[in-house]
Amino acid sequence: MTSAAARRATLSDVATAAGVSKATVSKALNGRDDVSDQTRERVLAAVAAIGYRPAPGPAHAHDRRALAVVFDLPASPYILGVFQGSLAAATDERVDLLTRLAPDRDARTQPAVARDWVADLLAVGVGGVVGLTLSRPGALIRAAADASLPFVIVDPVGTRDRHLVSVGSSNWDGARAATEHLIGLGHRRIGWIGGPEDSDAARERLYGYRAALDAAGLVADPALVRSDQFTVENGTRYAHELLTSADPPTAIMAADDEIAVGVLGAAHALGVPVPERLSVSGFDDTPQAAWTTPPLTTVHQHLGDMGRMAVQTVLAMAEGRHPASPRVELATSLTVRASTGPAPA
């Protein structure tokens with residue numbers, strides 16, 4: 001007895017028997033018109049030969065639409081904020097929202113892996129994908145486009161794919177406003193601890209910081225700038241470097257709230273009072289920003305609305321409507337709390 005016969009036959013078994021991809025099998029079985037009659041007959045013959053039966057779905061599944069929300073790190077407060085908005089929008093639209101992890105970061109760049117991943121989504125009835133800050137998503141986006149599966153990403157990382165439709169915030173404006181706030185308090189040496197260089201959001205925030213310094217006639221000191229992943233640990237490490245340097249900053253701009261939490265931790269460990277000797281600002285305005293000691297000044301992003309907009313956009317694309325712009329940006333605003341104050345004399 002063959003291994004395929006000894007267990008329940010899978011979509012991969014059908015693809016192998018028919019000599020086509022899993023995505024093509026899904027299209028053929030779902031009656032898509034972009035599959036030739038000859039290919040469809042070959043797929044159906046393979047289905048009959050190996051006894052493939054689709055996994056049973058919920059009752060009345062044909063009456064429901066489904067979207068997949070995909071991420072790398074679901075534990076981030078930022079991700080959770082965007083996800084809550086996605087879930088609320090899906091609930092309002094009576095759409096099932098399936099959560100999925102993306103393929104491994106290295107594997108997802110391989111076209112075959114990306115095609116199989118998309119085929120698996122199609123096989124369970126997914127009609128669109130919302131990616132939350134996915135890194136290196138190019139192959140996934142292209143595989144979805146080839147399968148006519150709408151794909152929208154919130155704050156993409158590491159891609160300039162021509163198929164990309166994205167949702168984000170006015171990152172440049174937000175960082176510029178926060179830097180202007182610090183300059184207005186008398187700070188002239190303002191450090192920057194940013195996110196990864198291949199993140200569109202992190203790069204735009206860095207540009208906004210530099211633009212505010214330039215407009216105020218201040219020179220951006222490269223010795224005060226660091227870039228790495230959005231983590232508390234990086235905030236702590238780089239803040240320690242800056243605060244123990246020969247000419248430390250009197251303020252530090254963090255590219256997100258997690259980095260800012262690390263900066264506050266480093267300042268506390270070094271005995272640097274905030275905001276008397278160091279002002280700290282963040283970006284995102286996640287719930288933890290109001291719980292830090294002192295409460296964090298930060299740029300407010302409408303995280304829930306970003307998730308809502310991504311779901312509404314991908315549903316419109318699934319109905320054949322193209323977005324007016326491939327990039328949707330929501331406004332930001334500055335939330336001033338107790339972590340920023342006048343520059344020390």
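Predicted model: local features only at pLDDT ≥ 70, side-chain atom pairs only at ≥ 80, totals over all residues.

Me: How many salt bridges are counted between domain 1 and domain 2?

Reply: A salt bridge is judged by a distance: a side-chain nitrogen of Lys or Arg must lie within 4 Å of a carboxyl oxygen of Asp or Glu. The count between domain 1 and domain 2 is one. As a worked example of the criterion, the side chains of Lys 22 and Asp 120 form a salt bridge with an N to O distance of 2.6 Å.

Me: What does the search of the whole structure find, in terms of salt bridges?

Reply: The search finds 17 salt bridges. One of the pairs is Asp 221 with Arg 189, at 3.3 Å from N to O. This pair links distant parts of the chain, 32 residues apart: Asp 221 is in the loop between H9 and strand E7 (225–227), while Arg 189 is in the loop between helix H8 (171–184) and strand E6 (190–194).

Me: How should I read a pocket, and how much space lies in the second largest pocket?

Reply: Begin with the volume, then ask which residues form the lining and where they come from. The second largest pocket holds about 610 Å³ of space. Its lining has 25 residues, and those closest to the centre are Leu 73, Arg 105, Thr 133, Gln 229 and Phe 230. The classes are ten nonpolar, six polar and nine charged residues. Domain 2 and domain 3 each contribute at least three residues to the lining of this pocket.

Me: How many cavities of 30 Å³ or more does the structure hold, and where does the largest cavity lie?

Reply: A cavity differs from a pocket in that the probe fits but cannot get out. The structure holds one cavity of 30 Å³ or more, and the largest cavity contains about 30 Å³ of space. Residues that line the largest cavity include Ser 76, Pro 77, Tyr 78, Asp 256, Asp 257 and Glu 258. H5 and helix H11 (257–270) each supply at least two of the lining residues. By class, this lining has two nonpolar, three polar and four charged residues. Because both domain 2 and domain 3 give residues to the lining, the largest cavity lies between them.

Me: Finally, which backbone angles deserve attention?

Reply: Most residues other than glycine have a negative phi, and most peptide bonds are trans. Thr 133 has a positive phi, near 50°, and lies in the loop between strand E3 (126–132) and helix H7 (138–146). A cis peptide bond joins Val 274 and Pro 275, with omega about 10°; Pro 275 is in the loop between H11 and strand E9 (279–284). Another cis peptide bond joins Thr 293 and Pro 294, with omega about -5°, and Pro 294 lies in the loop between E9 and strand E10 (297–300).

Notes
Residues numbered from 1 in each chain as written. Heavy atoms only, no water. 1 Å grid on protein atoms, 1.4 Å probe; cavity = no way out; pocket = protein on both sides within 12 Å on 5 of 7 lines; lining within 4 Å. Points joined across faces, edges and corners; volume = space filled by probe spheres on them. Nonpolar A, V, L, I, M, F, W, Y, C, P; charged D, E, K, R; others polar. Domains from an automatic or database assignment. Helix = DSSP H or I, 4+ residues; strand = E, 2+ residues; numbered from the N terminus.
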